[in-house]
Amino acid sequence: MQARLSASDSKIAVLEARISFKENVMEELKKENKQKLNVLTVLEARMSASENLTEELKRENTDLLARITTSENKSTVLEARMSSSENKVEELKKENAERPKVAFSFGLTDAGRIGPFNTDITLKFSRVFTNFGQAYNPTTGMFTAPVRGAYYFRFSAWDDRSSSSIGANLYHNGKRVSWNSAYNTDPSYITITNALVLQLEKGDVVYMVLPSNHGIWDDIHNRTTFSGFLLFSL
């Protein structure tokens, strides 16, 4: 009986040792599982963060694509406007190239006093400053319109004789369109000047006339002048 009891105690001790070992193994396994669960939780959190970041990137890409599309559309519009502007510039260049260059400016003479006479005379401005297009003829005193259009004309006249009249009238196709006269009562100089815009047909003539019983003066200082130019064709 004693021997059997001793053997039973030995078996119990062995079983307790095995149970203790298994419990230790279970604890280790629990720790490992807990660590694995923690790792898994971390991985799940990282995966969730990665998915959120992916969604944000997708939204950003969508917004970026929309902005790129808008920018491309604006670029297309700007290119179209640029092309249209360039075409207009070319058209304007062509118009300017085809547009006749008409401008003149003349002084009357360097002879001093002219007039008075008993009849009207056409003033022939002979001192040329510019005569683009050669539309003004200093031999006849006539400006001939090379094209139909609006023309600007300006003239000024000077005289220094006291108790005398100064005058200069502008004519269009034989019709007086501007009468300009003044009487000098002082022993000093007197001036008159005027300007106007006329619509002319091709071939129309414009010229200045010294009216009868009026005088005028010009010298190297170009005190009496006649100028004009084409504003635009019609």
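A surface patch is built here from residues that have over 30% relative accessible area and no salt bridge; like charges are joined within 9 Å, and nonpolar side chains (Val, Leu, Ile, Met, Phe, Trp, Tyr) within 5 Å. The areas themselves come from the Shrake-Rupley method with a 1.4 Å probe, and for residues only the protein chains shown count as cover.

Keep in mind that this is a predicted model, where local features need pLDDT of at least 70, side-chain atom pairs count only at pLDDT 80 or more, and totals for chains, interfaces and linings use all residues. Residues are numbered from 1 along each chain as its sequence is written, and side-chain values use heavy atoms, with hydrogens and water left out.

Let's start with the nonpolar one. V197, F229, L231, F232 and L234 make a nonpolar surface patch of about 430 Å². Strand β15 gives the largest share of it, 3 residues. (Helices, H or I with at least four residues, and strands, E with at least two, are DSSP runs numbered from the N terminus.) F229 sits in β15. Is F229 buried or exposed, or something in between? It is partly exposed, because its relative accessible area is 35%, and the label covers the range between buried (under 20%) and exposed (over 50%).

The other patch is negative, and E23, E27, E28 and E32 form it. For charges, Lys and Arg count as positive and Asp and Glu as negative, while His and the chain ends are not counted. Each charge is placed at NZ of Lys, CZ of Arg, CG of Asp or CD of Glu. E28 belongs to helix α1, which covers residues 2–98, and E28 counts as partly exposed because its relative accessibility is 44%.

**Inside the fold**

Now for the interior. A nonpolar core is a set of buried Ala, Val, Leu, Ile, Met, Phe, Trp, Tyr and Cys residues joined through side-chain atoms within 4.5 Å. The largest one here has 30 residues, and F143, F153, L170 and F226 have the most contacts inside it. Elements giving two or more residues to this core are β1 (103–107), β7 (149–159), β12 (190–200), β13 (205–210) and β15 (225–233). Of these, β12 brings the largest share, 5 residues. In soluble globular proteins, nonpolar side chains tend to be buried together.

**Charged partners**

How many salt bridges does a search of the whole structure find? There are 5, each being a side-chain nitrogen of Lys or Arg within 4 Å of a carboxyl oxygen of Asp or Glu. Three of them are listed here:

| Pair | Closest N and O atoms |
|---|---|
| K58 and E55 | 3.9 Å |
| R127 and D110 | 3.7 Å |
| D160 and R113 | 3.6 Å |

K58 and E55 are separated by about one helical turn, because they are 3 residues apart in helix α1. K58 is partly exposed at 46% relative accessible area, and E55 is partly exposed at 38%.

R127 and D110 form a salt bridge that links distant parts of the chain: R127 is in strand β4 (residues 127–132), and D110 is in the loop between β1 and β2 (112–114), 17 residues apart. D160 and R113 also form a salt bridge, and this pair links distant parts of the chain too, with D160 in the loop between β7 and β8 (164–167) and R113 in strand β2, 47 residues apart.

**A loop residue to look up**

Finally, find H221 in the loop between β14 (216–218) and β15. H221 counts as exposed because its relative accessibility is 54%. The C-alpha atoms of H221 and T109 are separated by 9.6 Å, with the two residues 112 apart along the chain.

How values were computed:
Buried means under 20% relative accessible area, exposed over 50%, partly exposed in between (1.4 Å probe, protein chains only).
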